[in-house]
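Let us walk through this chain step by step. Keep the coordinates open as you read.

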Amino acid sequence: MNLSVAIVDDHELFAGGLKLILDSQPGFHFIRHFRNGKEWIDYLEANLNVDLLVLDLQMPLMNGMQVLPYMRRNHPQIGILVVSGNHTSANMELCKNLGALGFVGKDSNLSVFRDALQAVATGKTYFQEISKDQQRPVRDYGALTKLRDTYQLSPREMEIIQLILHQLETKEIAEKLHLSPLTVKTHRKNIFAKLKVHNVAGLHGLLRDL
């Protein structure tokens with residue numbers, strides 16, 4: 001195994017540390033560091049020589065949540081490990097639904113990162129457990145799963161629901177998913193009709209009752 005790895009993270013020091021770790025791991029070859037999603041996608045469109053992507057979430061110009069749906073649609077063969085300071089169940093499950101194979105916190109230790117990298121490299125999943133004070137979103141995810149199964153919601157509808165729950169407006173959702181605002185507005189209207197709710201408050205209430 002000799003897999004090429006790219007890092008997308010706007011923090012130079014942190015990315016430099018990841019590069020040192022990758023250089024010490026047999027079977028992995030560091031390609032390049034990118035400071036945001038736009039730099040990464042511009043490179044990727046001309047260079048299809050990357051096997052794995054280590055991705056941050058919070059970045060300027062184009063963040064990780066915008067990169068994930070693009071990668072799932074256009075380059076699903078590239079395994080993605082999210083390494084983020086926003087290590088919550090809600091973020092983990094959203095990233096999972098958007099195509100990431102792994103998620104670890106930036107405060108995790110070296111062995112956790114290595115295990116996650118090895119898992120993603122072999123096509124497996126690795127989502128780091130979180131502390132007890134972050135457990136509430138797990139119950140939220142259980143409700144989301146039940147919502148999906150009960151109302152037969154599509155993957156696209158689940159993406160939009162989770163972004164709505166993250167308090168994103170129609171225009172922001174459209175940008176993240178690379179859709180037109182009109183398409184998102186139509187999805188939103190159809191979702192609310194399917195769930196028999198009229199607004200975001202109604203959606204939250206439905207999730208609490210599941």
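Helices and strands here are DSSP runs, numbered from the N terminus; a helix needs at least four residues and a strand at least two. With that numbering, proline 26 falls in the loop between helix 1 (12-23) and strand 2 (28-34). Is proline 26 buried or exposed? Exposed means over 50% relative accessible area. Proline 26 has 67% relative accessibility, so it counts as exposed. Leucine 3 is 23 residues away along the chain, yet the C-alpha atoms of proline 26 and leucine 3 are separated by 9.5 Å.

Before going further, consider confidence. The model is predicted. Mean pLDDT for the chain is 87, and 94% of the residues reach 70 or more. Among the elements, strand 3 has the highest mean pLDDT, at 97. Helix 6 (residues 136-151) has the lowest, at 68. Over residues 133-139 the pLDDT is below 50. That stretch still has seven contacts in the model beyond near neighbours in sequence. Where pLDDT is low, predicted coordinates should not be read in detail.

Asparagine 63 sits in the loop between strand 3 (52-55) and helix 3 (64-74). The cut-off for buried is under 20% relative accessible area. Asparagine 63 has 14%, so it is buried. Which residues does asparagine 63 contact, leaving aside its neighbours within four places in sequence? They are Leu57 and Lys176. With lysine 176 there is a polar contact, side chain to side chain, at 3.4 Å.

Lysine 176 also takes part in a helix contact. Met65, Gln66, Pro69 and Arg73 in helix 3 meet Glu175, Lys176 and Leu177 in helix 8. The residues of this contact divide into three nonpolar, one polar and three charged. Two packed helices are described by the angle between their axes and the distance between the axes. Helix 3 and helix 8 (residues 170-177) pack at about 45 degrees, with axes 7 Å apart. Angles from 65 to 115 degrees count as roughly perpendicular and those under 35 as roughly parallel. Helix 3 is therefore oblique to helix 8.

Now turn to helix 7. Helix 7 (residues 155-165) packs against helix 9 (residues 181-195) at an angle of about 95 degrees, and their axes are 10 Å apart. Helix 7 is therefore roughly perpendicular to helix 9. From helix 7 come Arg156, Glu157, Ile160, Ile161 and Ile164. They meet His187, Arg188, Ile191, Phe192, Lys194 and Leu195 in helix 9. How do the residues of this contact divide? Six are nonpolar, one is polar and four are charged.

Helix 7 has another partner, helix 10. The axes of helix 7 and helix 10 come within 10 Å and cross at roughly 105 degrees. These two helices are therefore roughly perpendicular to each other. Ile161, Ile164 and Leu165 in helix 7 meet Val200, Leu203, His204 and Leu207 in helix 10. This contact has six nonpolar residues, one polar and no charged.

What caps the N-terminal end of helix 10? Asparagine 199 does, with a side-chain oxygen 2.8 Å from the backbone nitrogen of glycine 202.

Notes
Residues numbered from 1 in each chain as written. Predicted model: local features only at pLDDT ≥ 70, side-chain atom pairs only at ≥ 80, totals over all residues. Heavy atoms only, no water. Buried < 20%, exposed > 50% of the residue type's maximum accessible area, 1.4 Å probe, protein only. Polar contact = N/O pair within 3.5 Å; in protein donor to acceptor, adjacent residues only side chain to side chain. Contact = heavy atoms within 4.5 Å. pLDDT = per-residue confidence, 0-100. Axes fitted to C-alpha atoms, helices over the stretch in contact; angles between N-to-C directions. Parallel < 35°, antiparallel > 145°, perpendicular 65-115°, else oblique. Nonpolar A, V, L, I, M, F, W, Y, C, P; charged D, E, K, R; others polar.
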